[in-house]
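Me: Please pick one part of this model and go through it closely, together with whatever surrounds it. I would like the residues named.

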Amino acid sequence: MAMWGGRFQEATLAEFRDFNDSLSFDYLLAQQDIQASRAWAQQLAQAGIITQSEVDQLDSALADLAVAIDTDPKLPLQTSEEDIHSWVEAQLTAKLGAVAKKLHTGRSRNDLVATDLRLWSKLNAQTVRQSLLGAIAALLSFAERAGTDVMPGYTHLQRAQPVLVAHWALAYVEMFKRDVSRLDDALARMDVCPLGCGALAGTGVAVDRVALAQSLGFASAALNSLDAVSDRDYVVELSAAASICMTHLSRLSEDVIFFCSGEAGFFKLGDAISSGSSLMPQKKNPDVFELLRGKTGRVLGHLVAILHVLKGLPLAYNKDMQEDKQGFFDLMQTWQQSLLVLATVLPHLSVNVQQCRQAAELGYSNATDLADYLVSKGMPFRDAHEVVGELVVYAAKQQQALEALTLDEFTQFSSLISEDVYPALQLDAGLLKRAALGGTAPQQVLSALQQAKQWFESV
Ligand code: ARG
């Protein structure tokens with residue numbers, strides 16, 4: 001029997017119930033619903049709506065229910081209640097009888113579900129935050145292990161300039177640091193309690209909403225009842241934070257997949273995190289990184305879905321809002337799992353040091369250094385760029401590297417070039433020169449690593 005049955009004279013169609021009910025997915029909010037109900041019962045007692053003995057009975061039955069859910073989170077699924085709020089009330093009624101029927105005084109499922117979902121979001125955002133820090137720790141270890149290993153850096157997926165492998169890893173650390181800060185922003189903004197706002201217009205019971213908010217661990221109470229029951233900004237914000245973070249994970253994955261390819265061969269995947277082919281015996285596939293890339297699509301889809309659910313809704317609550325949950329639960333779970341997986345697999349990823357270094361030397365990746373050399377001899381950069389461009393064409397015709405050209409050949413292009421060009425064209429010389437803040441010079445990367453570690457200790 002639905003909790004709203006009194007007004008109805010005909011039975012509900014089974015097909016409509018199936019469509020309408022949310023217990024099959026909102027059972028995940030059981031603990032939060034119990035938590036909110038316990039806090040609400042206290043307020044009802046404070047307001048003189050129920051006696052101390054009644055609140056004690058409610059509180060103890062709710063505490064028992066919390067233990068039962070802890071043991072078997074799927075317990076609600078054994079019933080056919082409409083949603084988790086009805087389930088909790090039905091359980092209380094079965095146990096306590098009449099007292100349980102007083103709990104819903106002055107509240108609505110509208111302020112209740114908004115409170116439950118916020119509590120759930122706060123809890124799960126904290127869990128994700130931990131995993132995000134775990135992923136950052138794994139990247140920092142990777143950077144540390146890579147030391148001064150060098151690899152080709154790319155623009156347009158064309159070899160551009162050599163970079164340290166650690167510099168590459170620390171680029172993702174910077175992205176994930178922003179993701180932590182985005183998560184913290186969202187956490188701070190969502191820390192507002194909607195309970196006590198009733199269905200839409202506020203509650204008629206004389207509760208202390210500020211005390212209620214505090215008792216549930218919220219920083220403050222929502223200031224407008226219409227907004228409180230219909231605000232799902234925090235779902236959107238977390239979904240957006242997840243989407244941005246997963247986009248970072250996806251780009252990292254794409255890099256790793258390429259670096260592990262036969263064509264590049266810069267990184268090697270450990271057997272423990274690779275899979276094979278059912279047909280081709282030689283294959284070793286980076287499935288884990290492909291899945292991270294693929295799951296990003298799924299997360300982005302959930303962000304777009306919630307935005308579309310909300311965009312046309314009039315104030316205040318509308319049943320459309322029940323659609324805020326499934327995708328969001330899946331998004332948070334996928335985000336969390338992806339971060340855990342990244343932290344787990346990174347220790348199994350190693351660098352093919354020789355291959356990386358050789359590749360970094362190819363592709364005229366020291367052409368900029370030659371231009372810089374000419375600048376140091378007094379040539380304006382734009383002219384140097386032109387001269388080196390011609391030298392690259394010349395060397396490519398001979399199928400030679402720049403540093404393999406003779407001094408005679410060099411001087412045909414510019415009389416400013418002398419013997420000291422050769423050390424300037426060395427890979428390490430080029431790296432050393434990129435020593436300004438944020439550059440890939442080994443000293444700079446080392447200091448970036450130290451700074452990132454300090455940041456890590458501070459969050
Ligand atoms: N299952 C509903 C949801 O998730 C709970 C709120 C129902 N409120 C209502 N007035 N029908 O949104």
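Reply: The model is predicted, so local features need pLDDT of at least 70 and side-chain atom pairs count only at pLDDT 80 or more, while totals for chains, interfaces and linings use all residues. Residues are numbered from 1 along each chain as its sequence is written.

Helices (H or I, at least four residues) and strands (E, at least two) are DSSP runs, numbered from the N terminus.

Next, the packing against α7, residues 165-189. The axes of α6 and α7 lie 9 Å apart, at an angle of about 165 degrees (lines fitted to C-alpha atoms, for helices over the stretch in contact; angles run from 0 to 180 degrees between N-to-C directions). The two helices are therefore roughly antiparallel (over 145 degrees; under 35 is roughly parallel, 65 to 115 roughly perpendicular, and the rest oblique). Their crossing is left-handed (near helix turned anticlockwise from the far one by less than a right angle; clockwise is right-handed).

On the α6 side, the contact uses K122, A125, V128, R129, L132, A135, I136, L139, L140, F142, A143 and A146. Facing them in α7 are V165, A166, A169, L170, Y172, V173, F176, D179, V180, L183, A186 and L187 (C-beta atoms, placed from the backbone, within 7 Å). This contact has 21 nonpolar residues, three charged and no polar ones.

Helix α6 also packs against α3, residues 30-46, with the axes 9 Å apart at about 120 degrees. That angle makes α3 oblique to α6, and the crossing is right-handed. From α3 come Q32, D33, Q35 and A36, which meet L112, T115, D116, L119 and W120 of α6. The contact of α3 with α6 divides into four nonpolar, three polar and two charged residues.

Helix α4 passes α5 in a right-handed crossing. Q57, L58, A61 and L65 of α4 meet V88, Q91, L92, K95 and L96 of α5. Six of the residues in this contact are nonpolar, two polar and one charged.

Two backbone details remain. H156, in the loop between β1 (150-155) and β2 (158-164), has a phi near 60 degrees, a positive value in a residue other than glycine. L315 and A316 are joined by a cis peptide bond with omega about 0 degrees, and A316 sits in the loop between α11 (287-311) and α12 (326-345).

Technical notes. Contact = placed C-beta atoms within 7 Å. Nonpolar A, V, L, I, M, F, W, Y, C, P; charged D, E, K, R; others polar.
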